[in-house]
Amino acid sequence: MGFRQAAVLAPVCFFLGVLFICFNVDHKILWTELTDDVVADGFQFYTTFFNAPPAIKALLHGMMGVGLIGLVSKLHNWDESAIFFDGSSLVTFVFAIAVYLTVIIPTLPETRNDQIEALRVLSAGNIIIIMCFGLVLVLQAGQEYSRRQEAKALSRLEEERKKKADTALSDKKDQ
């Protein structure tokens, strides 16, 4: 694994960690009975996130940039592996950022029912982003697996070629 691969995996794993923390609140909002306590917990949690110091927000946005730069730099090779795996990862990463910008960044509406609905949409957006980042991890793992399988196949072909050449050479010596 090289620097470019690490520049992709580190931000993805970082965001998955952050989103799994959010999942403690999100799963209650999406899949349990929506009581006043659950709604209050959700508002408190996301208000704390929203009011985080600028350094935390800068870290989150910087990690997004590192991930994008890592994927674009991996795509720079422009071979079949890069086109399929890194291109798909880049599209998925950009989709996750688009969900973040369109769903998570906007502030919550003012009426109580609209706030609850916005909280549900925010939680669903987090789940979508988790799936996107999970797909990026699967694609990156698939790329590494295919590279290793290709290297094994090439080494087997090289061994067979050497054996044939040695056999042909020994046959000529015997004649």
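**View A. Helix H1 passes helix H2 in a left-handed crossing.** In this predicted model, H1 spans residues 3-31 and H2 spans residues 36-50. The two helices pack at an angle of about 155 degrees, their axes lying 8 Å apart. Angles over 145 degrees count as roughly antiparallel, and H1 and H2 are therefore roughly antiparallel to each other. On the H1 side, the contact is made by Val 18, Ile 21, Cys 22, Val 25, Asp 26, Lys 28 and Ile 29, which meet Val 38, Gly 42, Phe 45, Tyr 46 and Phe 49 of H2. By class, the residues of this contact divide into 9 nonpolar, 1 polar and 2 charged.

**View B. The contact of H1 with helix H3 also has a left-handed crossing.** The axes of H1 and H3 come within 8 Å and cross at roughly 145 degrees. H1 contributes Arg 4, Gln 5, Ala 7, Val 8, Ala 10, Pro 11, Phe 14, Phe 15 and Val 18. Their partners in H3 are Leu 59, Leu 60, Met 63, Met 64, Val 66, Gly 67, Gly 70, Leu 71, Ser 73 and Lys 74. The contact of H1 with H3 comprises 13 nonpolar, 4 polar and 2 charged residues. Val 18 of H1 takes part in this contact and also in the contact with H2.

**View C. Helices H3 (residues 54-75) and H4 (residues 80-104) cross at roughly 160 degrees, with their axes coming within 9 Å.** That angle makes H3 roughly antiparallel to H4. The crossing of H3 and H4 is left-handed. From H3, the residues in contact are His 61, Met 64, Gly 67, Leu 68, Leu 71, Val 72, Lys 74 and Leu 75. From H4, they are Ala 82, Ile 83, Asp 86, Gly 87, Ser 89, Leu 90, Phe 93, Val 94, Ile 97 and Tyr 100. By class, the H3 and H4 contact has 12 nonpolar, 4 polar and 2 charged residues. Several H3 residues, including Met 64, Gly 67, Leu 71 and Lys 74, meet H4 and also meet H1.

**View D. The largest pocket has a volume of about 770 Å³.** Its lining consists of 30 residues, of which Phe 49, Tyr 100, Ile 104, Ile 105 and Leu 122 lie nearest the centre of the pocket. Helices H1, H2, H3, H4 and H5 (112-174) each give two or more residues to the lining. H5 provides the largest share, 6 residues. By class, the lining has 25 nonpolar, 4 polar and 1 charged residues. Among the residues nearest the centre, Phe 49 also belongs to the contact of H2 with H1, and Tyr 100 to that of H4 with H3.

Note on methods: Residues numbered from 1 in each chain as written. Predicted model: local features only at pLDDT ≥ 70, side-chain atom pairs only at ≥ 80, totals over all residues. Heavy atoms only, no water. Axes fitted to C-alpha atoms, helices over the stretch in contact; angles between N-to-C directions. Helix = DSSP H or I, 4+ residues; strand = E, 2+ residues; numbered from the N terminus. Parallel < 35°, antiparallel > 145°, perpendicular 65-115°, else oblique. Left-handed = near helix turned anticlockwise from the far one by under 90°. Contact = heavy atoms within 4.5 Å. Nonpolar A, V, L, I, M, F, W, Y, C, P; charged D, E, K, R; others polar. 1 Å grid on protein atoms, 1.4 Å probe; cavity = no way out; pocket = protein on both sides within 12 Å on 5 of 7 lines; lining within 4 Å. Points joined across faces, edges and corners; volume = space filled by probe spheres on them.
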